[in-house]
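Colleague: May we go through this structure together, step by step?

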Amino acid sequence: METIEEKEYNKIQWFLFVVIIPILFTVVLSLVLMQVAGINVFSHAKAIVQKIPGVSMMIKDENAIAQEKLEEKLSNEIANLQTDINHKDDTIEKLEASIQSKESELTTLKQELSQLNFQLAEMKEDKIIEENAVKDMTELYELMTPKKAAQIIPNLDDEDAKKILTSLKTDKLAAIMEKMSPEDAAKYTKIIGE
């Protein structure tokens, strides 16, 4: 039995040394020579293998793999860009709402400013009217005798008296104060000083 196994082993060795190794050596040597000659053997082999119906499905084309990777990368980038666009759209909407709010606030402030300008104009007009009235009253008291003015001024309210007395010329004011009672003169001197 050992002889039979030895013969089988010898047949396998013989087949390996006589057939397989020389074929492999020839194939490797041919591939090296073709590569040195500038022939791309692997791309030709791939094209031939892809034409074989059963084998072509098992071996994917590198271009197809690269295409799939590129498509996956592009779809990820598109998703990221879409997320950025959505985020920026939200930001734009918030900014537009803020702008509308600010425009509304600006319109309100313009209305308030207009109203305040109107009130200021009215106050200026009232002040001019009051100044003219004080001026007219001052001229009237300038024309009066100091004795008559000294009798009328204590009957006025303190604010009106102050306006008139502060508008009079110094010499006319002194003459009116001389004709007043000492209490009234002291009172109006204090009012004028405030």
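The questions below move from the whole chain to single residues.

Modeller: This is a predicted model, in which local features need pLDDT of at least 70, side-chain atom pairs count only at pLDDT 80 or more, and totals for chains, interfaces and linings use all residues. Residues are numbered from 1 along each chain as its sequence is written, and side-chain values use heavy atoms, with hydrogens and water left out.

Colleague: What percentage of the 194 residues counts as buried?

Modeller: Buried means under 20% relative accessible area, exposed over 50%, and partly exposed in between, with a 1.4 Å probe and protein chains only. For the 194 residues of the chain, the buried share is 10%.

Colleague: Is Thr138 buried or exposed?

Modeller: Thr138 belongs to helix H4, residues 62-143. Beyond its neighbours within four places in sequence, Thr138 is in contact (heavy atoms within 4.5 Å) with Ile164, Ser167 and Leu168. Because its relative accessibility is 7%, Thr138 counts as buried.

Colleague: Which residue has its backbone oxygen 2.6 Å from a polar atom of the side chain of Thr138?

Modeller: A polar contact is a pair of N or O atoms within 3.5 Å; within protein, one must be able to donate a hydrogen and the other to accept it, and residues adjacent in sequence count only if both atoms are side-chain atoms. At 2.6 Å from the side-chain polar atom of Thr138, the backbone oxygen is that of Val134.

Colleague: What is the relative accessible area of Ala149?

Modeller: Ala149 sits in helix H5, residues 146-152. Leaving out neighbours within four places in sequence, its contacts are Tyr141, Met144 and Ile176. Ala149 is buried, because its relative accessible area is 0%.

Colleague: How are H6 and H8 oriented to each other?

Modeller: Helix H6 (residues 158-167) and helix H8 (residues 182-193) pack at about 80°, with their axes 10 Å apart. Axes are lines fitted to C-alpha atoms, for helices over the stretch in contact, and angles run from 0 to 180 degrees between N-to-C directions. Since angles of 65 to 115 degrees count as roughly perpendicular, H6 and H8 are therefore roughly perpendicular.

Technical notes:
Helices (H or I, at least four residues) and strands (E, at least two) are DSSP runs, numbered from the N terminus. Angles under 35 degrees count as roughly parallel, over 145 as roughly antiparallel, 65 to 115 as roughly perpendicular and the rest as oblique.
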